[in-house]
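Dear colleague,

Please find the structure below for your review.

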Amino acid sequence: MQRYNILWADDEIDLLKPHILFLTDKGYDITPVNSGADAMELVESNYFDLIFLDENMPGMSGLETLAQIKASKPNIPVVMITKSEEEYIMEEAIGSKIADYLIKPLNPNQILLSVKKILDNKRLVTEKTNLAYQQDFRKLAMAYTDHISHSEWVDIYKKLIYWELEIDNTENKSMAEVLENQKLEANTNFSKFVSQNYQDWLNDPDAPKPLLSHEIMKEKVFPNVQSGQPLFFIVIDNLRYDQWKTIEPIVLDYFNVENEELYYSILPTTTAYSRNAIFSGMLPLEMAKSHPDLWVGEDEEGGKNKHESEFIGRQISKLRLDIKHSYNKIIHANQGKALLDNFINLMNNDLNVIVYNFVDMLSHARTDMQMIRELAHDESAYRSITKSWFIHSPLLETMKRISDKGAKMIITTDHGTIRVKRPFKIVGDKHTNTNLRYKQGKNLSYKGKNVISVRRPEDFHLPKVNVSTSYVFATEDNFFAYPNNYNYYVNYYKDTFQHGGMSLEEMIIPIISLTSKNG
C-alpha cells in the first residue's frame, strides 16, 4: 500500500500527538509544524499529499496560510480544522477550494475518514466498483439469455451503461474489457430479439411494443404543449444514453428531471429515417407515399432531412392541433448564437423545435479527421469531448435562458452510434447506398450471419427503389466493407462511430422531460 505524506499545521500541535500516532499506525507519514509560516516553508521545499491546517493560529492565520498554499501549490488538498462554527469562516474556506472542513474537538476516526476520503478515494472506489460489477455480471449475463421483453432490454442497457460509467471513473479501469465483452454478447442477443419482434411492433396492433420514433411527438411532445407556456423540444442528433448521462449533471444545475425514459429508434437508425419519422409522425414507407414532395429516397440526390419543418407542420395539421410553433436547426456555432439573439421571440410560441447537429458532426468528423480520431479514440473519450462541447456551446446558453424564463423542455435524439470494429464483406451495385451499418439495394451479396436481411422492405415499412430492393442491417460491432480496396477501407473506418444498424447503442435512446428550477 502506498504511504502518504501529510503536513499538519497547528499552534497546539503537541496536544495532537495521539491523533498523529493514530495516523502513523495506519500507515501515514505525518510532518507536524506549529505555525503557518513553518508550513509554507516546508510546502515550498517538499512534496505533501495532504495538509491539515488549523484556522486559528497566531501570526499567519489558517485562512491566510490557505491562500498562500493555493497560490503556490494549488493541487495539494487542504483540510481546514477550526473550533469556530462561524459561517463566514466556512464560506471563506470552501471558496478557497478546501478538500474538507473539520470542527474541533476531533476524534481519530473523524480524521481517518477525511484522509481516506481524500487520499484513498480512487483505490476504494475502484475496489468497490469492481467487486459490485463482478457480483452483477452473472445476473446480467443470465438475464439476456432468457425470453425477455423490450422494457427488460431497456433495463439491461441502462444497467450496462451504469457500469460503464462507474468503471470509467475507476483508477485503472481493470474491468473495462470484461464489460466490453459483455456488451458485445448483449448486442448479439439484442439483435436476435429485434429481428424476431420488429415486424410485429410495426404491424400487429396487439403486440407488446416499445415507444418508437414516429410516436414521439404524438405521445410525448404534443400532450405537454400548454397555451401561454412555451415548450422547447430539443433534438440532439446522435446523442447516446451514456452521453446524456455525462451532460445530465450540467443540465440539472438549471432543471429538474420530470421524467426520463428510453425509447426505440426505428430502422435504419439514421437521420433520414428515424428523425424524419419523429417529425412526420410516420414510418418511412408512409412518408414516401403520403409526402412524395418531401421524402427524398436513397436513389435521389440531395439532403435527406431538409424538410423537417414541413413534416412538423403537416403532423400538427393532421392531428388538428392549434399550436403555434417554430423550427430551428443548428449546425454551426453562429446559428446557435443567432438563435440566442432571437430567443425573446421564441417565447411567443407554444412549441419550439430545436435540432442540434453537433454530436452527429462529431461522429463524422472523427471518421474524417485524424485529430478528432485521437481526441475521441474510445467511448470514454467520446463522452468527454461531447461534454466539453456542451459546456461551451450555445445550446447550454439556450437551456439557461429556457430555465430563466421558467419554461419546460424535452430533450431527445433520433438514434445513437456504435464504435465499429469488425469488417463484414458485402457486394452491391453502384446504386447501393454508402452507409456502413445498413445497405439498401438490389442483388446484395454477402457471406456470414452477423447481419439481418430484409427481403420484403414493406414488412419493415421501408420504401424500395425497385421491385428487387432489399435491406441488410449490420449487428453487434460490425461494419460493411467492399472487397475492393478492402484493407484501406477497413483501416480507415475501424474504431469509428457509426449508425444505421441494429444495436443497443443505436436503437435504445433517451427522451427526458425537464422543468425549470425557476418555474
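**Helix α13**

The face of α13 turned away from its buried side carries the exposed residues S317 and K318. This is a predicted model, in which local features need pLDDT of at least 70 and side-chain atom pairs count only at pLDDT 80 or more, while totals for chains, interfaces and linings use all residues. Residues are numbered from 1 along each chain as its sequence is written, and side-chain values use heavy atoms, with hydrogens and water left out.

Helix α13 spans residues 308-318, and its buried residues are E308, F311, I312, Q315 and I316 (buried is under 20% relative accessible area, exposed over 50%, partly exposed in between, with a 1.4 Å probe and protein chains only). These residues lie on the same side of α13 because they cover an arc of only 135° around the axis, the arc being that of the directions from the helix axis to the C-beta atoms. An α-helix has 3.6 residues a turn, so residues three or four places apart point the same way. Helices (H or I, at least four residues) and strands (E, at least two) are DSSP runs, numbered from the N terminus.

The cover over the buried residues of α13 includes α9 (216-221), α11 (271-280), α12 (284-290), β8 (325-330) and β9 (351-356), where contact means heavy atoms within 4.5 Å. After α13 comes R320, with a positive phi near 55°.

Yours sincerely
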